[in-house]
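Welcome! Have a look at the sequence and the 3D view below, and keep both at hand while you read.

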Amino acid sequence: MGYLRIEWTSLLAAGLLLFVGAGCGTQEKADPCSGVVCSGNGKCAVLSGIAICVCDRGYLANSLECVEDISVDVCAGITCSNHGTCAIQAGEPLCICEIGYHAEDLACLDNDQEDPCAGVDCSDHGTCALHDNNPICACDPGYFPVGLSC
């Protein structure tokens, strides 16, 4: 009986050494960012061996996703030269100017010509705005511009 106990103990010890030795430096670690796309609004990075999302401007990390940061007001501080209103289209600010003014960058400048937005109703799903003195439609949420329609 003593012989069987020694043999069993020896086999158990040898199996334990094989099990422990199998993971010691012989396997490559998997890339923690493999398959992580951060909702298409950021990049995956590895921090202390763990995948994290580094999100684009206007997005916050939520687990391994980048979600829109609704607390960011991209119109904060944009006055449109006090002759218009800042609006957001495709996540970017733009100025919707008063009649007689046109948008250039994020300012509304005096426009001495006929209003280019006259008669442009954006299919009643948006507001006509001027960009480089040309009419465009700033569409309501859920609509997108197609020419001068939404």
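This report walks through some disulfides and one asparagine.

## About the model

This is a predicted model, in which local features need pLDDT of at least 70 and side-chain atom pairs count only at pLDDT 80 or more, while totals for chains, interfaces and linings use all residues. Residues are numbered from 1 along each chain as its sequence is written, and side-chain values use heavy atoms, with hydrogens and water left out.

## Counting the disulfides

A disulfide is a covalent bond between the sulfur atoms of two cysteines. Here the term is applied to a pair of cysteine sulfur atoms within 2.5 Å. How many disulfides does this rule give? The count comes to nine.

## Cys75 and Cys86

Let's begin with the disulfide that joins Cys75 to Cys86, with an S to S distance of 2.0 Å. The angle about its S-S bond is -70°, and the link is left-handed. Cys75 sits in the loop between β4 (65-68) and β5 (84-89), and Cys86 in strand β5, so the pair ties together parts that are 11 residues apart in sequence. Helices (H or I, at least four residues) and strands (E, at least two) are DSSP runs, numbered from the N terminus.

Are these two cysteines buried or exposed? Both Cys75 and Cys86 are buried. Buried means under 20% relative accessible area, exposed means over 50%, and partly exposed lies in between (1.4 Å probe, protein chains only).

Next, Cys122 is joined to Cys137, with 2.1 Å from S to S. This link is left-handed too, with -95° about the S-S bond. It connects distant parts of the chain: Cys122 is in the loop between β8 (107-110) and β9 (126-131), and Cys137 is in strand β10 (residues 134-139), 15 residues apart. Cys122 and Cys137 are both buried.

Another disulfide runs from Cys139 to Cys150, also with an S to S distance of 2.1 Å. The torsion about its S-S bond is about -85°, so this disulfide is left-handed. Cys139 belongs to strand β10 and Cys150 to the segment after β10, so the pair ties together parts that are 11 residues apart in sequence. Cys139 and Cys150 are buried.

## A look at Asn41

Now find Asn41, in the loop between α1 (2-22) and β1 (42-47). Asn41 is buried, with a relative accessible area of 19%.

Which residues does Asn41 touch, leaving aside its neighbours within four places in sequence? Asn41 is in contact (heavy atoms within 4.5 Å) with Cys55, Asp56, Tyr59 and Cys66.
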